[in-house]
Amino acid sequence: MALTEQEKQQKYAELGAFIDEHKGEKGPLMPIMQEAQKLFGYLSLETQVFIADKVGCPVTDVYGVATFYSQFSLQPKGEYVISVCQGTACYVRGAKDVLDAVIKNLGIQPGETTEDGKFTIQDTRCLGCCGLAPVMTINDKVYGRLTAADIKDILAQY
C-alpha cells in the first residue's frame, strides 16, 4: 500500500527528528537506518539520500551499509514475508524442495514480491529451529518438519 504524500512527509519528519537526536553520537548510521526501515518498511533511494544529507555523509556510505547487512531491504516487502531456511540442518532435510514449492506456488523468486504485494520470498540461513528442520516462517509464525507437499495448504491460509 503506497503512502499518501502527507503520510510520507510525516514519516520523513519523524526520521529527521530521530536523526537530529542521534547525530552527535559515534556511529549513528546503523540505528538511523534501522529506524528508517521501521518507518518505511524498506530503504528506498529517496530515503537513503535523505539520511545521507541529514547525517552529512555520501549516499554511497548509506547504500554500502544497506547492501552489506541482510536486515536492510532496498525494495518494499509483501504483507507476508516467507523465509525458507537453507541452513545445513534444513538443507539436508529437504529445504531446497520446500523453497522450490514456495517459488512454484507464488510464481516469484527469492528476493521478489508478488505483484499484488501480498508475499515476499526470502531464502535465509539458520532460523535457529534446527530440530524442526526443514523450517520456514511467514512473518513471525514458524512452520517446521515441512515437505514440499505442505506448502500449497499453508499458503492457502494467507
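Author: The model discussed here is predicted.

Reader: Are H1 and H2 roughly parallel or roughly antiparallel to each other?

Author: The angle between H1 and H2 is about 160°, and angles over 145 degrees count as roughly antiparallel. The two helices, H1 and H2, are therefore roughly antiparallel.

Reader: Which residues of H2 are met by residues of H1, and how many residues of this contact are charged?

Author: From H1, the contact involves Lys 8, Lys 11, Tyr 12, Glu 14, Leu 15, Phe 18 and Ile 19. On the H2 side, these residues meet Pro 31, Ile 32, Glu 35, Ala 36, Leu 39 and Phe 40. Divided by class, the residues of this contact are 9 nonpolar and no polar, while the number that are charged is 4.

Reader: Glu 35 also forms a salt bridge; with which residue?

Author: Side chains of opposite charge can pair when their charged atoms come close. In the salt bridge of Glu 35, the closest N and O atoms are 3.4 Å apart. The two partners are separated by about one helical turn because they stand 3 residues apart in helix H2, which covers residues 29-40. The partner of Glu 35 is Lys 38.

Reader: How many salt bridges does a search of the whole structure find, and which helix does Asp 20 link to through its pair?

Author: The search of the whole structure finds 4 salt bridges. One of them joins Asp 20 and Lys 54, with the closest N and O atoms 3.2 Å apart. This pair links distant parts of the chain, since Asp 20 lies in helix H1 (residues 5-22) and its partner is 34 residues apart from it, in helix H3.

Reader: How many polar residues does the contact of H3 with H4 have?

Author: H3 and helix H4 (residues 59-68) pack at an angle of about 125°, with axes 8 Å apart, and that makes H3 oblique to H4. In this contact, Gln 48, Val 49, Ile 51 and Ala 52 of H3 meet Val 59, Val 62 and Tyr 63 of H4. By class, the contact has 6 nonpolar residues and no charged ones, and its number of polar residues is 1.

Reader: Where is Met 30, and which residues beyond its neighbours in sequence is Met 30 in contact with?

Author: Met 30 has its place in helix H2, and at 23% relative accessibility Met 30 counts as partly exposed. Leaving aside neighbours within four places in sequence, Met 30 is in contact with Val 65, Tyr 69, Gln 71 and Phe 72.

Reader: Turning to the backbone, is the peptide bond from Ala 133 to Pro 134 cis or trans?

Author: Most residues other than glycine have a negative phi, and most peptide bonds are trans. Pro 134 lies in the loop between strand E2 (119-124) and strand E3 (136-138). The peptide bond from Ala 133 to Pro 134 has omega near -10°, and this bond is cis.

Reader: What is the phi of Arg 145?

Author: Arg 145 is found in the loop between E4 and helix H7 (151-156), and Arg 145 is exposed, with a relative accessible area of 57%. Although Arg 145 is not a glycine, its phi is positive, at about 50°.

How values were computed
Residues numbered from 1 in each chain as written. Predicted model: local features only at pLDDT ≥ 70, side-chain atom pairs only at ≥ 80, totals over all residues. Heavy atoms only, no water. Salt bridge = Lys/Arg side-chain N within 4 Å of Asp/Glu carboxyl O. Helix = DSSP H or I, 4+ residues; strand = E, 2+ residues; numbered from the N terminus. Axes fitted to C-alpha atoms, helices over the stretch in contact; angles between N-to-C directions. Parallel < 35°, antiparallel > 145°, perpendicular 65-115°, else oblique. Contact = heavy atoms within 4.5 Å. Nonpolar A, V, L, I, M, F, W, Y, C, P; charged D, E, K, R; others polar. Buried < 20%, exposed > 50% of the residue type's maximum accessible area, 1.4 Å probe, protein only.
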